[in-house]
Amino acid sequence: MADPVSSTVEDGIAVLRIDNPPVNALGAAVRGGLMRAVEAAGADPSVRAVVIAAEGRTFIAGADITEFGKPPIPPTLPEVIAAIESLSKPVVAAIHGAALGGGLEVALGCHARVAAPAAKLGLPEVNLGILPGAGGTQRLPRLIGAAPALRIMAEGKPVTAAEAGDTGLVDEVAEDVLAAARALALRLADNALPAPPRDRTNLGAREAFEAEAAALTKRHADNPSVAACVDAVRAAFEKPFEEGLAVERAHFARLRDDPRSKALRHVFLAERAAARIPNLPKGTRARPVARAAVIGAGTMGGGIAMNFANAGIPVTLIETSEENLARGIERLAGNYATSVKRGSLTEEAKAKRLGLIEGRVGLEAAADADVIVEAVFEEMGLKKEVFGKLQSVAKPGAVIATNTSYLDVDEIAASTDRPGDVLGMHFFSPANVMKLLEVVRGERTSPEALATAVEVGRRLAKVPVVSGVCYGFIGNRMLSRRTIQAERLLLEGAAPSQVDKALTDFGFRMGPFAMTDLAGIDVGWRVRQAMGLKTAPVADALAEAGRYGQKTKRGFYDYSADGRTGAPDPEVAALIERIAGERGVTRREIPQEEVLERLLFPMINEGARILEEGIAARAGDIDTVWLNGYGWPARTGGPMFHADAIGLPRIVARLRDFAEASGDENLRPAALLVRLAEEGGSFVALDARAAA
Ligand code: CAA
Ligand code: NAI
């Protein structure tokens with residue numbers, strides 16, 4: 001294999017180039033190559049100065065996340081950086097694209113740094129449950145001050161080149177970053193060697209650091225990585241450099257081996273794996289998309305149109321009447337106005353985005369769109385009628401998508417003479433906020449249409465996950481299992497607050513009943529009525545009593561105090577007892593652990609079936625759906641990753657208990673779950689085997 005680090009010497013400057021696509025992660029081969037190149041430049045008498053640069057779209061994205069947890073291969077990154085730092089010749093980093101994590105730490109081992117205007121520099125390790133582990137916590141504070149350095153680490157968000165220029169993190173910002181780095185290297189070679197960051201003394205006032213530390217620790221109280229960053233940076237005040245490094249190292253090793261970090265690394269890799277479409281013929285290309293149309297300016301359609309406008313794609317928003325159109329446009333304009341008021345959007349950007357949304361009446365207005373998203377009422381008859389018209393309106397090659405939550409995408413596709421162009425693009429509410437996009441691949445969806453929808457999702461800054469066709473697709477199909485259990489738990493003796501607490505303690509922002517009260521109990525009730533479902537007797541009874549949730553000040557909880565804070569309501573308790581009595585359900589005190597297992601294990605079981613049936617291509621795809629569409633806490637990695645952590649044999653045993661106790665055959669463990677449990681397998685291993 002070619003060495004991923006090459007070196008050329010010209011005019012007394014050795015330019016070391018890292019070439020490890022896609023993002024120049026610092027895997028073992030890169031570390032080894034960099035070490036050799038640095039040593040060679042040090043030993044070559046014709047070399048007066050060194051520039052470290054990278055090929056491709058970015059500088060260095062950091063340590064290779066796929067190597068975490070595997071036996072380390074020398075040289076380590078701290079050793080490579082120490083070698084750079086101890087050269088007696090000036091070393092300049094030439095940064096284009098991203099210098100993140102270990103990538104920025106390499107740059108901090110250099111004597112100086114030059115960045116391109118579009119460069120991003122950061123230490124995002126806290127997002128992976130660790131802290132910078134190659135000297136970042138010691139070098140950055142000494143270079144730019146402990147307080148601003150801690151902020152960069154604790155927030156985990158990159159800074160721009162201009163900001164880095166202001167703080168002294170970079171010495172120069174230049175369009176031609178390589179030329180500027182060479183010129184700077186030569187200037188430094190002509191003068192005394194500047195002190196590298198480790199020998200700088202810019203820590204700043206201790207009080208300023210402690211104030212920042214207190215604020216950040218409070219803001220990120222749930223993230224142990226931030227406390228570790230504080231401790232490591234504090235060591236920069238109290239201990240010599242090498243001892244500070246040891247403090248950092250100890251935290252790094254502890255956090256890296258913690259289940260939390262393992263889960264967060266899984267989340268990062270699963271999300272990126274989900275973007276790879278399974279079984280796509282080689283050479284399939286996404287079709288170009290310059291213009292979009294959205295049918296229906298209701299709750300979802302308005303939000304979906306905003307997504308296109310936010311991404312700079314002109315969009316036609318189509319309704320049945322001027323009145324509906326005006327209402328829809330008013331609502332989305334109101335959303336933009338709120339963002340302006342909050343300071344997250346400028347007036348100018350708002351005007352530009354609104355300017356990209358054109359409201360029209362009548363489906364003919366979709367004629368020039370490359371992608372059409374239908375978001376009319378959830379009724380099969382209506383959807384078929386709309387698609388029947390769209391088949392002749394839409395231009396050849398346009399992708400025609402439905403945002404349906406539950407309906408059969410194949411049946412909708414069959415109502416057209418171009419089923420290859422039809423698929424699902426299932427956005428989540430609020431559509432302009434939630435990151436998940438389920439792309440539903442119909443039986444006859446063409447590979448190009450599928451690739452186009454996934455690419456559009458990426459352009460809209462969504463996390464696209466491909467799903468097959470089934471009732472509720474990946475996410476809602478699993479959710480419905482949880483909903484059934486949540487209702488049963490009420491009848492068996494749990495209070496709504498006990499059920500909600502089980503999930504908020506687990507890490508969800510809201511429990512199912514608080515969530516239903518917020519969304520409106522009537523919404524699900526109407527759907528269940530239309531479909532003849534009797535899966536939620538308590539919610540149905542509440543809706544029949546006019547208790548729709550927050551909007552009527554009463555639902556599963558009582559909101560009469562301030563309209564937003566739900567208090568337990570004795571009336572609801574009585575109603576639940578009555579229904580339980582009518583159904584002959586014996587009530588008992590249910591241990592909190594059982595409540596949680598009853599909510600999560602049936603979902604995991606349904607996830608296993610979804611995998612078995614090939615609806616999802618990977619367990620990681622299911623995790624990605626729940627993390628981005630339903631607020632599953634990232635620190636546990638998603639339902640399937642969490643199942644591995646609990647242990648599949650336990651889940652199988654508990655599901656059998658639940659099936660016995662309830663007589664509900666649906667709770668019997670899925671064949672895949674049983675097989676993996678018996679083999680000592682796991683969902684993570686299953687995905688790894690499929691990828692190999
Ligand atoms: N290690 C391994 N692979 C990585 C990687 C990393 N650090 N960063 C990105 N990749 C891979 C992705 O998995 C993806 O792979 P596939 O194409 O096979 O799916 C590919 O690179 C492209 O990534 P993105 O789709 O994310 O590309 P993007 O252009 O949208 O974003 C990026 C590029 C901003 C660099 C983004 O990938 C990113 O934020 N990467 C992670 C940065 C990070 O967290 N670095 C810290 C690592 S930990 C560390 O460095 C510890 C230490 O102190 C030693
Ligand atoms: P909504 O009732 O808020 O909006 C539907 C809009 O479609 C209305 O404004 C209506 O006037 C318009 N409409 C109806 N027939 C039309 C036609 N022939 N041409 C143009 N416009 C027409 O409904 P909502 O909630 O936005 O749902 C739309 C779709 O999105 C449904 O399929 C729903 O299942 C799905 N969905 C809804 C989610 C939610 O949380 N509300 C989440 C994800 C998907």
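## Basis

Local features need pLDDT of at least 70, side-chain atom pairs count only at pLDDT 80 or more, and totals for chains, interfaces and linings use all residues of this predicted model. Residues are numbered from 1 along each chain as its sequence is written, chains are lettered from A and ligands numbered from 1 in written order, and side-chain values use heavy atoms, without hydrogens or water.

## Helices α4 and α5

Helix α4 spans residues 136-144 and helix α5 residues 146-155; helices are DSSP runs of H or I, at least four residues, and strands are E runs of at least two, numbered from the N terminus. Their axes come within 7 Å and cross at roughly 135° (lines fitted to C-alpha atoms over the stretch in contact, with angles from 0 to 180 degrees between N-to-C directions). That makes α4 oblique to α5 (under 35 degrees is roughly parallel, over 145 roughly antiparallel, 65 to 115 roughly perpendicular, the rest oblique).

Contact (heavy atoms within 4.5 Å) involves Gly 136, Thr 137, Leu 140, Pro 141 and Ile 144 of α4. From α5 come Ala 146, Pro 148, Ala 149, Ile 152 and Met 153.

## Sheet β5-β7-β8

Three strands form an open sheet in the order β5-β7-β8, with mixed pairing (strands pair if DSSP finds at least two bridges between them). β5 (98-100) and β8 (159-160) are the edges; each has a single partner strand, so one side of each lacks a neighbour in the sheet.

β5 and β7 (residues 120-122) run parallel, joined by three bridges. Ala 98 sits opposite Lys 120 in β7.

## Helices α19 and α20

Helix α19 (residues 496-506) packs against helix α20 (residues 512-519) at about 105°, axes 7 Å apart. The two are therefore roughly perpendicular. Pro 496, Val 499, Asp 500 and Leu 503 of α19 meet Pro 512, Phe 513 and Ala 514 of α20.
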